[in-house]
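Subject: Handover of a structure

Dear colleague,

Please find the structure below, passed on for your reference.

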Amino acid sequence: MYTVYSKDYCSQCVSTKAYLKQKDIAFTVVNVPGDMDLEFFKSMFPTARSFPVIVGQDNKAYYDHNTIKIEIESDFFSKFPISDIMGL
């Protein structure tokens, strides 16, 4: 399960959530501010400079919505080598 730290009017947040839904990957959303105080968020992720921040199953934080896509795709291909997918 992933946690997506999101904010209103964030196109990258919308894109990330749509991608996770498309891949049928479970996630929860924490809206900042709203569900979490902005100062508390900053204390948890002091190097975050934009939204979304995505926390993976291994508690690793991803600070770029494209990075999580790469991570998920590479995980898929490590589980299913291209030779298996292609029937080779």
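Does Tyr9 count as exposed or buried? At 85% relative accessibility, Tyr9 counts as exposed; buried means under 20% relative accessible area, exposed over 50%, and partly exposed in between, with a 1.4 Å probe and protein chains only.

Please note that this is a predicted model, in which local features need pLDDT of at least 70 and side-chain atom pairs count only at pLDDT 80 or more, while totals for chains, interfaces and linings use all residues. Residues are numbered from 1 along each chain as its sequence is written, and side-chain values use heavy atoms, with hydrogens and water left out.

Overall arrangement

The protein has four helices and four strands, taken as DSSP runs numbered from the N terminus (helices: H or I, at least four residues; strands: E, at least two). Along the sequence they follow the pattern β-α-β-α-β-β-α-α. Of the 88 residues, 32% count as buried. The protein exposes about 5,900 Å², of which carbon and sulfur atoms supply 54%; these areas come from the Shrake-Rupley method with a 1.4 Å probe, and for residues only the protein chains shown count as cover.

The sheet

The four strands form an open sheet in the order S2-S1-S3-S4, with mixed pairing; two strands pair if DSSP finds at least two bridges between them. Its edge strands are S2 (27-31) and S4 (61-62), each of which pairs on one side only. Strand S1 (residues 2-6) and strand S3 (residues 53-55) run antiparallel and are joined by three bridges. Within this pair, Tyr5 stands opposite Val53. Helix H1 (residues 11-22) lies across S1, S2 and S3, and runs at about 160 degrees to S1; the angle is taken between N-to-C directions on a scale from 0 to 180 degrees, with axes fitted to C-alpha atoms, for helices over the stretch in contact.

The core and the disulfide

The largest nonpolar core has twelve residues, including Tyr5, Cys10, Cys13, Phe51 and Val53. Such a core is a set of buried Ala, Val, Leu, Ile, Met, Phe, Trp, Tyr and Cys residues joined through side-chain atoms within 4.5 Å.

The structure holds one disulfide, defined as a pair of cysteine sulfur atoms within 2.5 Å. The disulfide joins Cys10 to Cys13, with an S to S distance of 2.3 Å. The link is right-handed, with 75 degrees about the S-S bond, and both Cys10 and Cys13 are buried. Not counting residues up to four places away in sequence, Cys13 touches Ser6, Lys7, Phe51 and Pro52, where contact means heavy atoms within 4.5 Å.

Asn31, in strand S2, is partly exposed because its relative accessible area is 27%. Leaving aside neighbours within four places in sequence, Asn31 is in contact with Ser6 and Met36.

Two peptide bonds deserve mention. Val32 and Pro33 are joined by a cis peptide bond with omega about -20 degrees, and Pro33 is found in the loop between S2 and helix H2 (38-44). The bond from Phe51 to Pro52 is cis, with omega near 0 degrees; Pro52 lies in the loop between H2 and S3.

Tyr9, in the loop between S1 and H1, has a positive phi of about 60 degrees although it is not a glycine. Asp24, in the loop between H1 and S2, has a positive phi of about 55 degrees and is not a glycine. Asp24 counts as exposed because its relative accessibility is 73%.
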